[in-house]
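These are notes for a colleague who is meeting this structure for the first time. Please read them with the sequence and the model side by side.

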Amino acid sequence: MRKAVTAIVLIALLITLVAMILPLTFGSPLMSDMDDYFIRFGQEQTGNNNECTAVVFDYRGFDTIGESTVLFTAVIGTGLMFRRLFGGEEVEDE
Amino acid sequence: MSKLVRFAADILYPVVLIFGLYIVAHGHITPGGGFQGGAVIATGVALVIVAYSYKEVIGWIGKGGLMAREVIGLMGFIGVALFAFLFGMPFFYNYLAGQGGLFGVPVAFGPNPGELNTGGTVPLMNFAVGIEVWGGLSLVILYLLSGLIEKKDQEEEGS
Amino acid sequence: MLWNLPFIAVVVITMIGLVTILLKKNLIKVMLGINILQSAANLFLISLGYREGGIAPIFTLAPSTHMVLPTPQALCLTSIVIGLATSALMLSFAVIIHKKYGTVDLDKIRRLQG
């Protein structure tokens with residue numbers, strides 16, 4: 001019973017994914033107005049030859065600030081779990 | 001590990017460090033950037049940890065250095081973005097690009113050989129993020145390793 | 001259908017990841033499934049941004065200015081770093097769970113189910 005339900009769910013997901021990719025064509029993006037603007041004016045506005053860096057650090061800087069914060073929070077969380085050997089005090093919360 | 005591996009790690013660690021800093025510093029004209037360069041430097045730290053034992057490495061690196069690097073990187077990144085308020089510009093405005101001076105050589109549209117003194121605030125943010133990723137990834141490696149060693153010690157005590 | 005090969009690869013990798021997440025009982029293998037799913041998402045974004053005959057969006061000594069879209073690549077960079085953070089957290093949880101329960105088999109960790 002459980003295996004049958006799992007198989008049905010997986011087949012439904014497969015059909016959904018195939019239906020999602022059917023209208024797409026590789027090599028011709030549907031909308032590229034924003035990226036054409038970045039490629040055309042990115043050098044004059046930000047002075048970067050590397051447009052990816054221009055998008056990451058200038059046009060979409062808020063994304064990067066969230067990304068840095070996520071990385072920082074993950075490191076802090078990992079440290080909270082393993083603080084006992086890495087210089088932290090002994091905390092027993094059993 | 002053996003003496004040969006330690007010697008190779010001693011030679012390779014500065015090379016990896018310089019290569020990572022090169023990727024960070026040239027992030028605005030060649031492929032690369034802060035995250036990638038920081039990851040390369042963290043790979044060098046992982047190489048040293050593999051070559052030597054965990055207890056030796058933890059004596060050299062220290063507790064606070066990597067965490068300080070991480071915090072300074074994140075605060076520097078937000079600080080560079082906040083400096084735009086002093087110029088009366090919105091948050092994350094590129095106030096250095098095209099002004100002349102530091103990182104401010106104007107660039108025209110089209111392919112060019114690449115000039116290091118361009119990019120505005122982007123190279124500064126690259127450096128800040130590179131330092132942050134350096135500290136963060138090294139800290140993650142060290143934390144996971146410390147957890148595994150703690151577990152091994154407990155098993156030895158229990159058996 | 002050869003020109004849609006990256007999208008077919010996206011479907012295949014997504015299904016591999018979902019099957020791994022749904023059917024495997026080992027915690028580490030579930031984590032690997034999540035990472036495979038994330039790789040599929042990255043490949044989908046990159047494939048969406050490809051333009052026929054385009055080069056990487058870097059102007060240093062570029063042979064032309066016909067370039068692929070830069071925004072999906074930038075967002076993939078964000079996605080990769082966040083995936084690394086979640087991988088570190090999941091590995092930490094796996095180590096803690098193995099320390100508490102002595103196993104990473106999801107069926108044997110009965111105490112987690114309440």
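This is a predicted model: local features need pLDDT of at least 70, side-chain atom pairs count only at pLDDT 80 or more; totals for chains, interfaces and linings use all residues.

Which element gives the most to the nonpolar patch?

1. The nonpolar patch. The element that gives the most is α1(A), with 3 residues. The patch lies on the surface and is formed by A:Met1, A:Val5, A:Val9, A:Leu13, C:Leu22 and C:Leu23, which together have about 560 Å² of accessible area. Two helices each supply at least two of its residues, namely α1 (2-21) of chain A and α1 (5-23) of chain C.

2. The make-up of chain A. This chain has 4 helices and 0 strands, so that, read from the N terminus on, its elements run α-α-α-α. Of the 94 residues in chain A, 41% are buried. The accessible surface of the chain comes to about 5,300 Å², and carbon and sulfur atoms account for 66% of that surface.

3. The interface of chain A and chain B. The size of an interface is often given as the accessible area lost when the parts come together. For chain A and chain B, about 3,400 Å² is buried between them, with 68% of this area on carbon and sulfur atoms. On the side of chain A that touches chain B, the elements giving two or more residues are α2, α3 (51-59) and α4 (61-81) of chain A, and the largest share of that side, 13 residues, comes from α4(A). In terms of contacts, 31 residues of chain A meet 45 residues of chain B.

4. Polar pairs across that interface. How many salt bridges are found across the interface of chain A and chain B? The count is 0, whereas 10 residue pairs are in polar contact across the interface of these two chains, with both residues at pLDDT 80 or more.

5. A salt bridge between chains. Side chains of opposite charge can pair when their charged atoms come close. A search of the whole structure finds 4 salt bridges over all chains, and one of them joins A:Asp36 to C:Arg51, with the closest N and O atoms 2.8 Å apart. This pair crosses from helix α2 (residues 33-46) of chain A to the loop between α2 (27-48) and α3 (70-101) of chain C. Are the two partners buried or exposed? A:Asp36 is partly exposed, at a relative accessible area of 33%, while C:Arg51, at 14%, is buried.

6. Salt bridges within chain A. The side chains of A:Arg40 and A:Glu44 meet in a salt bridge of 3.3 Å from N to O; because these two residues are 4 residues apart in helix α2 of chain A, about one helical turn separates them. Both ends are partly exposed, A:Arg40 at 34% relative accessibility and A:Glu44 at 40%. A:Arg60 and A:Asp63 also meet through their side chains in a salt bridge, at 3.9 Å from N to O. Here A:Arg60 is partly exposed at 29% relative accessibility, and A:Asp63 is likewise partly exposed, with a relative accessible area of 33%.

Definitions and conventions. Residues are numbered from 1 along each chain as its sequence is written. Chains are lettered from A and ligands numbered from 1 in the order in which they are written. Side-chain values use heavy atoms; hydrogens and water are left out. Buried means under 20% relative accessible area, exposed over 50%, partly exposed in between (1.4 Å probe, protein chains only). Patches are made of residues with over 30% relative accessible area and no salt bridge: like charges are joined within 9 Å, nonpolar side chains (Val, Leu, Ile, Met, Phe, Trp, Tyr) within 5 Å. Accessible areas come from the Shrake-Rupley method with a 1.4 Å probe; for residues, only the protein chains shown count as cover. Contact means heavy atoms within 4.5 Å. Buried area is the accessible area (1.4 Å probe) that two parts lose on being put together, summed over both. A polar contact is a pair of N or O atoms within 3.5 Å; within protein, one must be able to donate a hydrogen and the other to accept it, and residues adjacent in sequence count only if both atoms are side-chain atoms.
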